[in-house]
Amino acid sequence: MIPHEYIEEVVRRNEIADVVGNYVQLKRKGRLYGGLCPFHSEKTPSFYVYPETQSFYCFGCGAGGDVITFIKKINNIDYEDAVTRLAGRAGRPEPEEDDRGGRMRSRVLAINKDAARWFYACLNSSTEEAKQARAYWRRRGLDDKTIVRFGLGYAPDDFRSTYQHLKDKGYTDAELLESGLVKRSEKGNLYNIFHRRVMTPIFDLRGNIIAFGGRVLDDSKPKYINSPETLVYKKSKTVFALQLAKKSTSRRYVLCEGYMDVISMQQAGIDTAVCACGTALTPDQVRLISEYADEVVLSYDSDEAGQKATARSLELFRDSPVKVSVLQIPGAKDPDEYIKKYGAERFRALLDGTGNALEFRIGQVRKKYDLVQDKDRLDYVREVVRLLADRNSPTEREVYAGRLAEETNISKTAIMAQLEEEVKKSSYRRRAEKQKQLLHSGPADTIRVPYQAGGQKALAVASAEQMLVAAMLREPSFVPLAMQRLDPAALILPDMRQAAEAIFRCQREGAAVTLANVGALVPENTLTELSRLAAQYSEVNPTEKDVQLYLDRIAQSTPKSSSANKMTDEELARYLQSLKDRKQGTPRDGG
Ligand SMILES: [Zn+2]
């Protein structure tokens with residue numbers, strides 16, 4: 001048996017959407033991904049990947065599981081082989097690793113780590129240039145703790161020493177060229193690309209250093225140089241400081257313009273500050289941020305470039321499930337400057353009262369029109385009404401309609417009438433979209449059985465059992481509560497009994513309650529069932545109250561008089577069947 005720590009590590013290093021994405025063309029749909037199922041033949045997608053539970057499920061054929069199950073099924077190999085293969089894929093140095101790409105990857109990561117140590121040592125050396133570099137970081141307001149936390153450093157003022165240092169560490173020229181830290185000159189000599197620059201390492205989500213950003217100490221050009229794209233660094237898919245932000249308890253992220261903003265915000269205690277690598281935010285970065293954040297505050301510079309970036313980012317976030325707002329920074333050109341001027345506390349207050357995205361959009365629309373002109377005024381109203389119609393809150397719509405009336409001198413009644421018309425259209429549109437989605441993703445309601453006393457009671461209890469298990473997998477913090485109140489042996493669905501036992505065992509033994517760990521302890525068909533539940537309830541955010549309610553329902557069925565507990569085998573078989581009939585997709589994808 002493979003130790004659970006090892007499996008945890010392998011699973012952690014293999015984001016399920018990335019892995020599946022190598023085999024299936026996935027399209028993002030809100031918090032999940034959909035595509036054509038690789039396990040049965042189909043023309044419309046019924047195969048889904050759920051990053052939150054790190055699971056997949058096909059509503060067409062019922063195939064499901066975690067990342068290990070996926071690799072196992074798709075390659076037709078056994079569990080151990082699947083784990084080994086995933087371990088190799090993640091660039092984990094395996095003795096039997098024969099995959100050359102994987103080997104080079106881990107060499108490049110090692111080079112970056114050694115380079116970061118070198119830059120850090122250079123920053124702290126006794127030379128005059130090191131002193132200037134330290135003074136630079138000080139001028140930016142950074143303390144020692146922050147310098148260590150971000151692994152900041154300094155690349156000395158010459159073309160050879162970094163190269164030579166790494167060479168002495170035993171890396172070959174080929175490996176160093178691959179790392180992007182070193183280039184070949186026209187004469188054929190190798191030289192290091194960073195010199196006389198303060199250095200900021202860029203980490204991936206797993207804490208590997210994948211690239212560097214280097215900035216000059218003065219105003220000379222180019223101000224910034226970044227590592228080129230390499231085997232380990234794709235800038236359009238990298239979000240700076242996300243490895244720190246994802247550990248925060250807050251799901252409200254602050255998206256800044258550059259590394260410096262992020263670092264000074266983080267120093268000020270805003271641990272969800274991140275920024276895009278590269279010049280402009282990309283859809284991949286939006287997708288990545290949306291996986292961790294519920295809310296994003298855009299915090300760009302107040303200059304024209306910053307405002308353009310804000311508009312562009314709003315557009316990119318439009319189809320993501322994340323709530324977006326725009327930070328207005330009064331009296332400073334960027335967050336960094338604001339924090340220095342007024343302190344972190346006031347900046348946090350600013351964050352809490354962020355001007356919302358709607359106001360920003362209205363402001364953008366207003367710029368297009370000359371409100372003195374009648375025609376422009378009408379067009380302006382029409383456009384804003386369309387924006388307002390998408391808002392869910394009638395009060396909010398009313399407030400903005402009132403402001404719009406004042407601003408344009410058009411009667412509020414007329415604006416409200418126009419707005420209502422637009423709301424109808426937009427809600428019809430949304431309903432149609434939702435229906436389409438449900439059709440493709442399998443309605444979450446099919447299995448949710450309403451609680452009814454009497455004959456349907458067992459069905460309701462069974463449903464509570466499933467929802468309880470789904471809630472524990474989604475939110476492992478509920479497990480201790482469930483352990484206090486629940487004896488798994490009392491559960492009436494055999495697979496939920498196995499699942500609850502496995503979950504409790506993980507908890508007792510200090511293993512993370514993840515689908516992968518639980519899956520290793522239950523039969524495969526139970527794992528498939530758990531993936532189905534994860535899929536089914538992916539839109540449900542269970543609260544502690546919900547969990548108590550499930551536990552209540554289950555407890556009500558456990559007294560000796562309970563019909564559920566006393567069900568005959570025949571009765572049990574009958575309602576298991578009735579449960580099954582409610583599920584979509586009948587054929588199971590083997591075992
Ligand atoms: Zn399928």
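Let's start with the cysteines in this predicted model. C58 is buried, with a relative accessible area of 0%. C506 counts as buried too, at 4% relative accessibility. A disulfide is a covalent bond between the sulfur atoms of two cysteines.

Now for the nonpolar interior. In soluble globular proteins, nonpolar side chains tend to be buried together. Here the largest nonpolar core has 84 residues, and F240 and F317 are the ones with the most contacts inside it. Which helix gives the most to this core? That's helix α5, residues 100-123, with nine residues. Domain 2 (99-233) and domain 3 (234-355) both give residues to this core, so it lies between them.

Zoom in on F317 and you can see what it touches. Leaving out residues up to four places away in sequence, the list runs L255, L281, V286, I289, S290, V296, L298, V322 and V324. Apart from this core lies another one, of 36 residues, including L468, A500, A502 and V513.

Last stop: R287, which sits in helix α12 (residues 283-292). Which residues does R287 contact, once its neighbours within four places in sequence are set aside? They are R28 and Y33.

Note on methods. Residues numbered from 1 in each chain as written. Predicted model: local features only at pLDDT ≥ 70, side-chain atom pairs only at ≥ 80, totals over all residues. Heavy atoms only, no water. Helix = DSSP H or I, 4+ residues; strand = E, 2+ residues; numbered from the N terminus. Contact = heavy atoms within 4.5 Å. Core = buried A, V, L, I, M, F, W, Y, C linked by side-chain atoms within 4.5 Å. Buried < 20%, exposed > 50% of the residue type's maximum accessible area, 1.4 Å probe, protein only. Domains from an automatic or database assignment.
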